[in-house]
Amino acid sequence: MESARFLVGQFLLAMPGIGDPRFDHAVIAMCGHDEDGAIGIGIGAEIDGLGLHDVLDQFEIDHGVAPDAPVHFGGPVEPRRGFVIHSTDWGGQDTIDVAGRWSLSGTVDVLHAIAEGAGPSRWVVALGYAGWGAGQLDGEMLRHGWFNVTADESLIYDTPADDRWAAGFASAGIDPRLLAPETGRA
């Protein structure tokens with residue numbers, strides 16, 4: 001049961017008062033977490049004025065059948081690097097399975113497949129990621145910063161980005177309006 005302490009396939013929700021404005025109301029889909037560190041993709045905020053067609057244009061990929069979906073702020077690390085969280089019905093050259101719940105791809109082949117209509121049936125595009133070194137996230141979980149939930153994949157695909165934070169808390173039976181922005185000291 002050692003792996004139970006890791007958060008792969010879960011969602012991190014930023015607690016009110018997290019102390020870092022980049023993570024205010026953040027929703028992070030956790031794609032990797034072990035004793036060496038953690039990586040997650042932010043799905044709680046869209047990048048204003050940037051759509052999938054803009055990203056496809058950067059790679060000179062014809063838009064094909066791809067809708068001009070919003071691009072999400074994946075996190076502050078490598079903000080020019082793209083990732084696609086997607087359904088498990090497609091796999092490419094670097095696709096990783098995330099606890100059997102969703103997949104993560106980070107190479108241009110997924111963009112080609114989406115534009116051609118041959119890619120995953122459901123997907124979210126993000127730039128950047130959230131990353132933690134060995135033990136860093138574990139320490140943050142012990143302080144007032146993050147709350148993890150095992151909400152279903154509808155949080156990714158069926159819930160508007162602006163509603164994901166509150167919906168994530170609601171999946172755990174919590175009304176986030178009642179949360180305090182800091183912890184007490186005993």
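Contact is defined here as heavy atoms within 4.5 Å. The structure is a predicted model, in which local features require pLDDT of at least 70 and side-chain atom pairs count only at pLDDT 80 or more, whereas totals for chains, interfaces and linings use all residues. Residues are numbered from 1 along each chain as its sequence is written, and side-chain values rest on heavy atoms, with hydrogens and water left out.

The protein contains five helices and 10 strands, taken as DSSP runs numbered from the N terminus (helices, H or I, at least four residues; strands, E, at least two). For 186 residues, a compact globule would have a radius of gyration near 16 Å, and the value for the protein, 16 Å, agrees with this; the radius is taken over C-alpha atoms, and the globule rule is 2.2 Å times the number of residues to the power 0.38. Along the principal axes, the C-alpha atoms fill a box of roughly 60 × 35 × 30 Å. Among contacts with a separation of 6 or more, 68% join residues 24 or more positions apart.

The largest nonpolar core comprises 35 residues, of which F11, I28, I85, W102, W132 and W146 touch the most other members. Such a core is a set of buried Ala, Val, Leu, Ile, Met, Phe, Trp, Tyr and Cys residues joined through side-chain atoms within 4.5 Å. Residues up to four places away in sequence aside, I85 touches A29, I41, I43, W102, S103, L104, R122, W123, V124, I156 and Y157. Another core, of 17 residues, lies apart from the largest one and includes A69, V84, L111 and V125.

One of the contacts of I85 is S103, a residue of strand β8 (residues 102-105). S103 is buried, with a relative accessible area of 5%. Beyond its neighbours within four places in sequence, S103 is in contact with V84, I85, H86, S87, T88, W90, T95, I96, D97 and V98.

Helix α5 spans residues 164-171, and its buried residues are R164, W165, G168 and F169. Viewed down the helix axis, these residues fall within an arc of 135° and therefore line one face of α5, the arc being that of the directions from the helix axis to the C-beta atoms. Their cover includes strands β1 (11-14), β2 (27-34), β5 (70-73), β9 (123-133) and β10 (146-149), together with helix α4 (154-157). G173 follows α5 and has a positive phi, near 80°.

Terms used:
Buried < 20%, exposed > 50% of the residue type's maximum accessible area, 1.4 Å probe, protein only.
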